[in-house]
Amino acid sequence: DNEIAYTSLAQAYLQTQQMEQAADEAKKALEIEAENLQAMNLLALYYLRTNQIAPAQEILNRSLEFEPRNSVAYYYLAIIDQNSGNLSSALERALKSIEVNNKFREGYQLIAQIYEAMGDQQNAQRYLQAFQKLSGG
């Protein structure tokens with residue numbers, strides 16, 4: 001069995017909104033390689049899109065045990081915190097996502113959104129400009 005093929009299938013299924021198939025393929029990849037970060041991130045995204053927050057948090061935290069520099073995991077955890085109204089924790093995690101990967105555009109965009117929600121327009125603008133610069137704008 002090839003965990004790369006299962007991971008690729010999971011990604012394709014997620015992109016076409018075939019959620020259950022995506023989860024099945026990500027789980028198959030993880031059965032073969034328990035530390036497959038891409039499969040973990042995809043499975044976490046499936047859980048988030050299907051509003052299964054606790055399993056998403058569990059797999060994201062587990063992925064960070066294997067790879068503390070997993071910017072996507074910090075990003076998804078920040079979104080969970082943001083959606084639950086915990087903006088300070090969301091900001092901390094979003095900042096961590098760009099600390100471990102300073103080219104992670106989505107992290108900058110999320111930080112700008114969080115600062116805006118906190119009423120800090122100056123920092124919101126600063127991170128939005130960084131996002132735009134990384135996006136080629």
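Let's start at Asn51, which sits in the loop between helices α3 (37-49) and α4 (53-66); helices here are DSSP runs of H or I, at least four residues long, numbered from the N terminus. This is a predicted model, where local features need pLDDT of at least 70 and side-chain atom pairs count only at pLDDT 80 or more, while totals for chains, interfaces and linings use all residues. Residues are numbered from 1 along each chain as its sequence is written, and side-chain values use heavy atoms, leaving out hydrogens and water.

Asn51 has a phi near 60 degrees, a positive value in a residue other than glycine. With a relative accessible area of 62%, Asn51 is exposed (over 50%, with a 1.4 Å probe and protein chains only; buried is under 20%, and partly exposed lies in between).

Now step into helix α3, where you'll find Met40. Met40 is buried, at a relative accessible area of 0%. Setting aside neighbours within four places in sequence, Met40 is in contact with Leu30, Ala34, Glu35, Ile59, Arg62, Ser63 and Phe66, contact being heavy atoms within 4.5 Å. Met40 and Ala56 are 16 residues apart in sequence, and their C-alpha atoms are 9.2 Å apart.

What about the core? The largest nonpolar core has 38 residues, and Leu43, Ile59, Leu60, Ile111 and Tyr127 touch the most other members. Such a core is a set of buried Ala, Val, Leu, Ile, Met, Phe, Trp, Tyr and Cys residues joined through side-chain atoms within 4.5 Å. Elements giving it two or more residues include α2 (19-32), α3 and α4. Beyond its neighbours within four places in sequence, Tyr127 is in contact with Leu95, Ile98, Tyr108, Ile111, Ala112 and Tyr115.
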